[in-house]
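Colleague: Hello! Could you walk me through this structure and tell me what stands behind the words you use?

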Amino acid sequence: MRQSFSKRTGPDGSVLVRTYPVTFPTGYRSKAHSHEWDQLTYATHGVMTVHTAKGVWVVPPHRAVWVPAGIEHTEEMSGRVAARSLFFVPGLSKSLPRDCSTVNVTPLLRELILQATRIGVLDRKLPTQARLIGVILDQLEALRTAALQLPNPNDQRALRTAALLRESPGRPESLSEIARLVGASKRTIERLFRAETGMPFNQWRQRLRLIHALRLLADGLPVTSVALEAGYGSTSAFIAMFKKEVGTTPSRYYESMEFRV
């Protein structure tokens with residue numbers, strides 16, 4: 001399904017940015033769709049997961065996901081998700097990526113996104129709005145990507161491995177045991193994951209467990225339960241991994257889940 005907003009750009013195309021603030025209930029999953037405009041979605045609360053043919057991108061609080069025009073995707077919510085989306089005319093900035101990415105949101109960009117959503121649409125013919133568009137683009141071009149995406153492999157053996165782990169991210173089997181289940185050797189799976197996802201298998205598996213943990217935290221599970229569900233033998237090992245990847249402890253992250261817009 002392709003979603004079109006072309007009727008809202010004005011007869012002379014002066015509207016360059018549109019906004020869509022919305023709150024989704026926990027468990028909501030959209031149908032597969034794409035947009036005619038580039039999309040930036042910022043989560044102020046809850047965890048949004050974006051699925052495409054190439055992989056998975058996770059958007060916890062204070063992060064955003066960039067989805068270029070024309071990329072078909074679905075959106076899945078963990079916890080109550082307050083999302084603030086900006087839609088940009090395609091090609092507005094040549095510096096912005098043409099693939100999906102998860103990015104960190106600075107305090108300044110957060111306020112710019114919220115101000116834009118309060119206005120509704122940004123028209124380049126209005127000087128104050130033209131300046132706001134420029135500052136938003138400057139901020140987007142300077143953003144750093146966040147390590148919260150999980151690319152899909154292509155080879156069928158690697159795909160079966162990924163599917164087994166996605167069904168149960170915390171499963172305890174070693175790679176050698178999982179490789180036997182999909183009819184491949186450990187070295188073959190390691191080679192395929194590195195070549196096709198750009199990540200060593202162990203890093204890919206840890207990223208999957210982190211994504212699973214973020215969703216469980218959004219659903220309100222305690223940290224000890226999340227650690228076990230994510231496949232960690234001790235809570236301390238889970239907390240160390242989480243802090244390294246996310247930049248804060250699970251308990252502080254959980255506190256950030258307190259609902260706000």
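Modeller: Gladly! Let me start with a term: contact means heavy atoms within 4.5 Å. Helices (H or I, at least four residues) and strands (E, at least two) are DSSP runs, numbered from the N terminus. This is a predicted model, where local features need pLDDT of at least 70, side-chain atom pairs count only at pLDDT 80 or more, and totals for chains, interfaces and linings use all residues. Residues are numbered from 1 along each chain as its sequence is written, and side-chain values use heavy atoms, with hydrogens and water left out.

Colleague: What is the mean pLDDT of the chain?

Modeller: pLDDT is the predictor's confidence in each residue, from 0 to 100. Its mean for the chain is 88, and 92% of the residues reach 70 or more. Over residues 1–8, pLDDT stays under 50.

Colleague: Why is helix 3 called roughly perpendicular to helix 5?

Modeller: Angles under 35 degrees count as roughly parallel, over 145 as roughly antiparallel, 65 to 115 as roughly perpendicular and the rest as oblique. The axes (lines fitted to C-alpha atoms, for helices over the stretch in contact, with angles from 0 to 180 degrees between N-to-C directions) of helix 3 (residues 156–167) and helix 5 (residues 186–197) cross at roughly 90° and come within 9 Å. Therefore helix 3 is roughly perpendicular to helix 5.

Colleague: Which residues of helix 3 and helix 5 meet?

Modeller: Arg157, Ala158, Thr161 and Ala162 in helix 3 meet Thr188, Ile189, Leu192, Phe193 and Glu196 in helix 5.

Colleague: What makes helix 6 roughly perpendicular to helix 8?

Modeller: Helix 6 (residues 201–218) packs against helix 8 (residues 235–246) at about 95°, with the axes 11 Å apart. So helix 6 is roughly perpendicular to helix 8. Helix 6 brings Gln206, Arg207, Leu210, Ala213, Leu214 and Leu217 to the contact, and helix 8 brings Phe238, Met241, Phe242, Glu245 and Val246.

Colleague: How many cavities of 30 Å³ or more does a search of the whole structure find?

Modeller: On a 1 Å grid over the protein atoms alone, a cavity is a set of points where a 1.4 Å probe fits but cannot get out, and lining residues have an atom within 4 Å of a point. A volume is the space filled by probe spheres set on the points, which are joined across faces, edges and corners. The search finds 1 cavity of 30 Å³ or more. The largest cavity holds about 30 Å³, and its lining includes Asp38, Trp66, Phe88 and Arg98.

How values were computed:
1 Å grid on protein atoms, 1.4 Å probe; cavity = no way out; pocket = protein on both sides within 12 Å on 5 of 7 lines; lining within 4 Å.
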